[in-house]
Amino acid sequence: MSDPIDGPVLAIDIGGTKLAAALVEPDGRIAAYDRAPTPNEPGVDGDELWRALEALLDKVAADAGDPPLAGVGAGCGGPMTWPAAEVSPLNIPAWRGFPLRERLRARHPGLPVRIHNDAICVAAGEHWLGAGRGHDNVLGMVVSTGVGGGLILDGRLVNGASGNAGHIGHVVVEPDGPPCACGGRGCLEAIARGPGLVDWARRQGWRQGGSDLTGVELAADARRGDPVAGAAMRRAGRAIGIAIASATHLCDLEVAAIGGGLSQAGPLLFDPLDEAFRTHARMDFARRARIVPAALGQTAGLVGAAALVYAQDRYWSAG
């Protein structure tokens with residue numbers, strides 16, 4: 001067990017549409033928080049994006065009175081080299097091999113700086129203080145513009161050979177399904193990610209006039225009874241349920257906690273998800289797993305990034 005850490009951790013969540021930062025206290029309470037749009041337009045270079053992140057970090061620290069920090073934790077989309085955290089997020093073209101950990105270490109000399117995949121941070125947060133608290137075998141998932149995940153087994157984060165264990169978005173759920181950005185076909189991400197669902201629904205005749213439609217609007221139309229939107233949500237739920245059934249058989253899970261924007265659809269997503277899970281999870285031990293919404297909402301990634309520092313005995317095994 002690691003020694004208790006005093007002082008807040010600067011937690012960072014880097015995504016394709018937003019940058020978020022917070023000062024997180026040792027009990028997981030968020031003492032200061034802010035967010036900013038990710039500069040992700042064509043022509044933006046890596047240093048310009050870094051400066052935007054620095055400005056956000058400066059503002060969050062100033063809002064809290066610039067207290068001494070205990071460390072820095074960050075979640076960022078992948079792929080990345082781990083634990084060096086040279087990041088090349090698929091949804092942030094400006095960063096290719098960007099030395100994120102090196103830059104943050106230079107900015108905060110002498111402090112522990114720990115970076116992991118953003119979905120893994122969500123899994124750590126949910127296990128530490130969220131829906132997986134008190135359980136040793138937990139899958140944390142994010143279903144949003146992409147689909148990612150992280151695994152806690154026997155009470156500890158599983159990193160795998162390259163830091164990518166738990167990447168459930170590329171479990172194949174439909175072998176003859178749509179092509180995926182990874183180069184495969186029928187991956188969970190290709191079917192259940194928000195933009196993919198919107199594309200599928202538009203091909204079926206949903207809202208032909210709009211060009212900037214999102215999964216949030218799709219879910220809203222499904223609630224209003226739009227048959228195509230409803231079918232899209234059932235398609236996503238079924239794919240997620242099949243993937244979790246496979247993961248549960250493989251890992252003997254107790255809890256699967258699902259967060260991200262699409263998870264806010266509630267029963268529209270979770271009812272077909274649960275039905276598919278019960279259909280495909282046939283072993284008694286697998287059927288005992290509970291599938292629940294993430295409890296920490298949009299702050300799960302920030303709380304999990306802080307957990308990389310505060311609870312390093314469970315969530316950080318690298319130097």
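Modeller: In what follows, a residue is called buried when its relative accessible area is under 20%, exposed when the value is over 50%, and partly exposed in between. The model is predicted.

Biologist: Then let us begin with Phe 98: buried or exposed?

Modeller: Phe 98 counts as buried because its relative accessibility is 6%.

Biologist: And what about Trp 50, buried or exposed?

Modeller: Trp 50 has a relative accessible area of 7%, so it is buried.

Biologist: How many aromatic pairs are there?

Modeller: The count comes to four aromatic pairs. One of them is formed by Trp 50 and Phe 98, with 6.2 Å centre to centre and 40° between the planes, which makes the pair tilted.

Biologist: Which parts does the pair of Trp 50 and Phe 98 tie together?

Modeller: Trp 50 belongs to helix α1 (residues 46-63) and Phe 98 to strand β6 (residues 98-99), so the pair links parts that are 48 residues apart in sequence.

Biologist: What is the geometry between Trp 95 and Phe 98?

Modeller: Their ring centres are 4.4 Å apart and their planes are at 5°, so this pair is stacked. Trp 95 and Phe 98 are both buried. Together with Trp 50, they form one aromatic cluster.

Biologist: Changing topic, in what order do the strands of the five-stranded open sheet run?

Modeller: The order is β10-β9-β8-β11-β12, with mixed pairing. At the edges are β10 (156-157) and β12 (290-293), each of which pairs on one side only.

Biologist: How many bridges join β8 to β11?

Modeller: Five bridges do so, and the two strands, β8 (residues 138-143) and β11 (residues 255-259), run parallel. Val 138 has Val 255 of β11 as its bridge partner, and Met 141 is opposite Ile 258 in β11.

Biologist: And β8 to β9: parallel or antiparallel?

Modeller: β8 and β9 run antiparallel and are joined by six bridges. Gly 140 faces Gly 150 of β9.

Biologist: Which residues lie on each face of β8?

Modeller: Val 138, Gly 140 and Val 142 lie on one side, and Leu 139, Met 141 and Val 143 on the other; all are buried, and both faces are covered.

Biologist: Which strands does helix α7 touch?

Modeller: Helix α7 (residues 227-251) packs on the sheet and touches β8, β9 (147-153), β11 and β12, and its direction makes about 155° with that of β8. Helix α8 (residues 267-280) lies across β11 and β12, at about 165° to β12.

Biologist: On to cysteines. How many disulfides does a search of the whole structure find?

Modeller: The search finds zero disulfides. Cys 180 takes part in none, and its nearest cysteine sulfur, that of Cys 182, is 3.7 Å away.

Biologist: Where is His 116 found?

Modeller: His 116 is in strand β7 (residues 113-117). Its relative accessibility is 0%, so His 116 counts as buried. The side chain of His 116 makes a polar contact of 2.8 Å with the side chain of Asn 159. Not counting residues up to four places away in sequence, His 116 touches several others, including Met 80, Trp 82, Leu 157 and Trp 316.

Biologist: What type of peptide bond joins Gly 78 and Pro 79?

Modeller: That bond is cis, with omega about 10°. The peptide bond from Trp 82 to Pro 83 is also cis, with omega near 10°. Pro 79 sits in the loop between β4 (71-76) and β5 (86-87), and Pro 83 is in the loop between β4 and β5 as well. In general, most peptide bonds are trans, and most residues other than glycine have a negative phi.

Biologist: What is the phi of Ala 85?

Modeller: Ala 85 has a positive phi of about 55°, although it is not a glycine. Ala 85 is placed in the loop between β4 and β5 and is buried, at 0% relative accessible area. Asp 66 also has a positive phi, near 50°; Asp 66 lies in the loop between α1 and β4 and is exposed, with a relative accessible area of 54%.

Note on methods
Residues are numbered from 1 along each chain as its sequence is written. This is a predicted model: local features need pLDDT of at least 70, side-chain atom pairs count only at pLDDT 80 or more; totals for chains, interfaces and linings use all residues. Side-chain values use heavy atoms; hydrogens and water are left out. Two strands pair if DSSP finds at least two bridges between them. Helices (H or I, at least four residues) and strands (E, at least two) are DSSP runs, numbered from the N terminus. Contact means heavy atoms within 4.5 Å. Axes are lines fitted to C-alpha atoms, for helices over the stretch in contact, and angles run from 0 to 180 degrees between N-to-C directions. Buried means under 20% relative accessible area, exposed over 50%, partly exposed in between (1.4 Å probe, protein chains only). Rings of Phe, Tyr and Trp (its six-membered ring) pair if their centres lie within 6.5 Å; planes under 30 degrees apart count as stacked, over 60 as edge-to-face and the rest as tilted. A disulfide is a pair of cysteine sulfur atoms within 2.5 Å. A polar contact is a pair of N or O atoms within 3.5 Å; within protein, one must be able to donate a hydrogen and the other to accept it, and residues adjacent in sequence count only if both atoms are side-chain atoms.
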